[in-house]
Amino acid sequence: MSTITTGLHRTIPTEIVYQLVEKNFGTATKVKEYSLLQGGLFNTTYRVLLENAAYSDVILRLAPEGIDPLAGKASDPLFSFERTMMTAEPVVYDYYQKAAIPAPHVIVCDNSGSIIPRTYMFMEFIPSNQLNHPSISLPEKDKLYRELGKYTAAMHRIQGESFGWPQGDGTIQGSDRWSEVLMAFAEETASKAEQVGYMPGVGEQITSMFRDHSELFDEVTVPVLVHNDLWEANVLIHEDKDVLDIAAIIDGDRSMFADREFEAILSTAPPAFQEGYGQALDMSDQGLARRLAYRILSSYFNAYVHEYQVDQPHDGQKFRQRTLDLMEQWKMMIEPYQ
């Protein structure tokens, strides 16, 4: 298999796949076959079938390559949290398992760079479909969303010592103040956008939004674990005797300790999810303002990422326009109080 590069998504040569298998499963283990899985834009993912190993069917995921030390900081495509998020993923799944939330089984996670200058992990393959699979009927999907709501509520009961990004050593990179984490995220996004001349001036407006209204966000004082990328493709479903259940919530590498309402699905999920979740959104003026600010930051981040990280300009334009529209909503919401 030849290597393919698309944005941050980079395949690896066959000999590297074999070397990674040998290092982690032993010299007696043979690769029967392997295939590149489609759909990922950030990590590169393979399914690998093995012989003479404790695991016969595994997933190999590789993070994007780190910055080239000769290229300089300005060309680093990764956000600071993205450089460490794969090593934090096993920590996140450990949180899940302790809270009885179904999660993937990570066999090994390696960031040593001894074979390839990328963090990678082997995970046990889970026979399943994604929640957005067309074979799932509407009544079945309602049942599954209710189940997902219960698991999300359990996730949001997991508290951290501070706000921010979990690290591979179990610490949290962030702050005791939620506003500072949000502002740092906005500042980094604005800096990267400025380097390429993208949406000039918008990043400063968004950063100022969090700086000037820090007291609004610091009303949130309890950091809880949020998935931060919880959509149907990241929910795996298995079938047992014609009954569908959630097999695992995957791609937890973007998880962070945050306001629970930073979890975007809370504002978009169907009623069945809300029934399972069992906790209403904060409908006060402050709660509405915070959720709008979160949507603005998320949309701005996604606009930049799709335009410059993963080479999907059509989606980038969609998020760009959404960001501008949401910022107009923010002005109308905030101006009466200024």
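The report below treats the cavity and then the nonpolar cores.

This is a predicted model, in which local features need pLDDT of at least 70, side-chain atom pairs count only at pLDDT 80 or more, and totals for chains, interfaces and linings use all residues. Residues are numbered from 1 along each chain as its sequence is written, and side-chain values use heavy atoms, with hydrogens and water left out.

A cavity is a set of points on a 1 Å grid over the protein atoms alone where a 1.4 Å probe fits but cannot get out, and its lining residues have an atom within 4 Å of a point. Grid points are joined across faces, edges and corners, and the volume is the space filled by probe spheres set on them. By this rule there is one cavity of 30 Å³ or more, and the largest cavity has a volume of about 40 Å³. Its lining includes F81, M85, W165, D253 and R254, and α2 gives the most to that lining, with three residues.

| Class in the lining | Residues |
|---|---|
| Nonpolar | six |
| Polar (Gly among them) | three |
| Charged (Asp, Glu, Lys, Arg) | two |

A nonpolar core joins buried (under 20% relative accessible area, 1.4 Å probe) Ala, Val, Leu, Ile, Met, Phe, Trp, Tyr and Cys residues through side-chain atoms within 4.5 Å. Of the 46 residues in the largest such core, W178, I206, F210 and W330 touch the most other members, and α9 (285-309) is among the elements that give two or more residues to this core. The largest share, eleven residues, comes from α9. A second, separate core of 34 residues includes I101, I136, L225 and I265.

Methods:
On a 1 Å grid over the protein atoms alone, a cavity is a set of points where a 1.4 Å probe fits but cannot get out, and a pocket is an open set with protein on both sides within 12 Å along at least five of seven lines; lining residues have an atom within 4 Å of a point. Helices (H or I, at least four residues) and strands (E, at least two) are DSSP runs, numbered from the N terminus. Buried means under 20% relative accessible area, exposed over 50%, partly exposed in between (1.4 Å probe, protein chains only).
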